[in-house]
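Hi,

Here is the structure I promised to pass on.

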Amino acid sequence: MSINEAQDEIIAEFSELDDWMDRYQLLIDLGSEQEPLDEKYKTDQNLIDGCQSRVWLQADETDGKLTFRAESDALIVKGIIALLIRVLSGHTPDEILNADLYFIDRIGLHEHLSPTRSNGLLAMVKQIRMYALAFQAKEKA
């Protein structure tokens, strides 16, 4: 599934819910469905700077594609990172770096998150892109 197909699928899921309380519940459910991150990855190195909650992000590369796993101590944040992983995991560094993450605005995340959570969302996206850049540089070396 392409990055845009995954985004369109998420937009469709969220558009079925009119009430933001239901959308928050969907985020919480998505976060709860995510497999817990192995304790060995819960290191300071994997902790994302700029998030009010603690968020750990682990990236691995297999056959030129990146796989992300994450964990957060906050339910809604765990759901947000689960969405990002669903869209970006399993793609090449180039695809990740060139992706336009339009689903964030289309499902209304920016306007319904507190300013600190919005900053955290941007920090998560930035960290995923930093991993993609690092793996891209490693490939070319």
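Below is what turned up, starting with the core.

A word on the source: this is a predicted model, so local features need pLDDT of at least 70, side-chain atom pairs count only at pLDDT 80 or more, and totals for chains, interfaces and linings use all residues. Residues are numbered from 1 along each chain as its sequence is written, and side-chain values use heavy atoms, with hydrogens and water left out.

The largest nonpolar core has 45 residues, and F68, L84 and F103 touch the most other members. (Such a core is a set of buried Ala, Val, Leu, Ile, Met, Phe, Trp, Tyr and Cys residues joined through side-chain atoms within 4.5 Å; buried means under 20% relative accessible area with a 1.4 Å probe, protein chains only.) Helix 3 gives the most to this core, nine residues. Helices here are DSSP runs of H or I with at least four residues, strands are E runs of at least two, and both are numbered from the N terminus.

Beyond its neighbours within four places in sequence, L84 has contacts (heavy atoms within 4.5 Å) that include F103, L121, M124, V125 and I128.

Helix 7 has 26 residues and spans 37 Å from first C-alpha to last, close to the 38 Å expected at 1.5 Å a residue (that is, 1.5 Å times one less than its number of residues). Among its buried residues are L121, M124, V125 and I128.

Strand 1 and strand 2 run antiparallel, joined by eight bridges; pairing needs at least two DSSP bridges. V55 is bridged to S72 in strand 2. Two residues lie between the strands of this hairpin, where D63 takes a positive phi near 50 degrees.

Cheers

How values were computed. Buried means under 20% relative accessible area, exposed over 50%, partly exposed in between (1.4 Å probe, protein chains only).
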